[in-house]
Amino acid sequence: MLGSRYEIMDDDFEESDQIRYVDFDALDFSIITMGMKDLPFFQDDVYLGMQAMNVGVSDSVITQYEYALLREYFEIERTPLETAMAVSALSQMWVYGLYEVLRLWRDRKYQFGKLYRNGGIDLKIQDMPDDDPLNLTIETRKEQLKRYKDDSLYRSAIEATWVRIEGVYRMAELYRINLAKHCAPGKDGIIPSAPGYGRINNWCGAMDYELIGKDGYYTVMNRRDIADALRTCLSNP
C-alpha cells in the first residue's frame with residue numbers, strides 16, 4: 001500500500017543519533033554553494049561552476065522541505081503522504097544531480113591524467129574544434145589542459161581535491177545506483193529488496209533509504225547525510 005512506503009522511523013536511537021544533525025538555523029548553506037565553485041575545474045570553468053553551485057542552492061530549498069515534512073508529521077500525528085512523496089522525489093533528484101556533477105569532475109580528472117602520462121595533451125588540444133572562438137567552453141577546456149600540463153601545483157591540487165571528495169562521491173554513487181538502477185554499484189546481480197522505500201528520519205525530516213553495497217550488506221542513508229558530508233569536506237581543505 002502506498003502509505004506504508006513513507007513511515008516515520010520508530011527504531012530505538014542512541015543519544016548520539018539525536019544530535020548528529022545540526023539544526024536548520026545553524027546550517028551554513030553557503031559552504032556548498034561557494035565551496036563547490038572554488039574546486040579545481042569548477043573554479044576556472046564558469047558554466048561547470050554554475051552547475052556545481054546549483055547543488056548548494058537546491059540543498060537549502062530541499063532542507064527546508066525536509067524540516068517542514070517533519071513538523072507536519074508531528075502536527076497531524078500521521079504520515080503526510082503528499083509532502084513525503086514530494087520530499088522523496090526532490091531528494092532523489094538532488095542526489096542524482098550531485099552524482100552527475102561529481103562524476104563529470106572525476107572523469108575529467110582521469111582523462112587529463114591519462115593524457116598527461118601518455119604525452120597526449122598537445123594532440124588533444126589540436127584535435128579540439130577551433131572554428132568558433134566565441135565558444136567559451138572549448139577555450140576553457142583548452143586552457144585547463146594547458147595548465148594541467150604545465151602547472152604541477154594545479155595537478156597536485158586536483159589530486160588532493162579528489163582525496164577530499166571521493167567519499168562523498170561514493171555515498172552519492174551508492175544512493176543513486178540503488179534507487180535509479182535497482183542494484184549495487186558495479187554489481188548488477190546484487191539487488192536491493194525495496195529500492196525507493198523511504199522512511200522519515202526522526203531528527204531532520206530527510207527520507208532514509210536502505211541501500212545495498214557490492215558486498216551484499218545494507219546501510220541506511222539519506223540525502224541530508226550526503227549534504228552534511230559534502231559540507232564537512234568543503235570546510236576542511
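This is a predicted model: local features need pLDDT of at least 70, side-chain atom pairs count only at pLDDT 80 or more; totals for chains, interfaces and linings use all residues.
**Entry 1: helix H2**

I started with what covers the buried residues of H2, and the cover includes H3, H4 and H8. Helices here are DSSP runs (H or I, at least four residues) and strands are too (E, at least two), numbered from the N terminus. In H2, I find Ile32, Thr33, Gly35 and Met36 buried, where buried means under 20% relative accessible area, exposed over 50%, and partly exposed in between (1.4 Å probe, protein chains only).

Residues are numbered from 1 along each chain as its sequence is written, and side-chain values use heavy atoms, with hydrogens and water left out.

**Entry 2: the core**

Next I looked up the largest nonpolar core, which has 49 residues; Met36, Leu98, Val101 and Leu230 touch the most other members. (Such a core is a set of buried Ala, Val, Leu, Ile, Met, Phe, Trp, Tyr and Cys residues joined through side-chain atoms within 4.5 Å.) Elements that each supply at least two residues include H2 (30-37), H4 (81-118), strand S3 (207-212) and H8 (223-235). H4 gives the largest share, twelve residues.

Which residues does Leu98 touch, leaving aside neighbours within four places in sequence? I get Met36, Val55, Val168, Ala172, Ile226 and Leu230, with contact meaning heavy atoms within 4.5 Å.

**Entry 3: Arg223**

Arg223 counts as buried because its relative accessibility is 0%. Its side chain makes a polar contact with the side chain of Thr63 (3.0 Å). For the record, that is a pair of N or O atoms within 3.5 Å; within protein, one must be able to donate a hydrogen and the other to accept it, and residues adjacent in sequence count only if both atoms are side-chain atoms. Beyond four places in sequence, the contacts of Arg223 include Asp59, Glu66, Trp94 and Tyr175.

**Entry 4: Tyr116**

Tyr116 lies in H4 and is partly exposed, at 35% relative accessible area. I checked the C-alpha atoms of Tyr116 and Arg155: they are 39 residues apart along the chain and separated by 10.0 Å. Leaving aside neighbours within four places, Tyr116 is in contact with Ile121, Tyr148, Lys149 and Arg155.

**Entry 5: Met50**

Last, I looked up Met50 in helix H3. Met50 counts as partly exposed because its relative accessibility is 46%.
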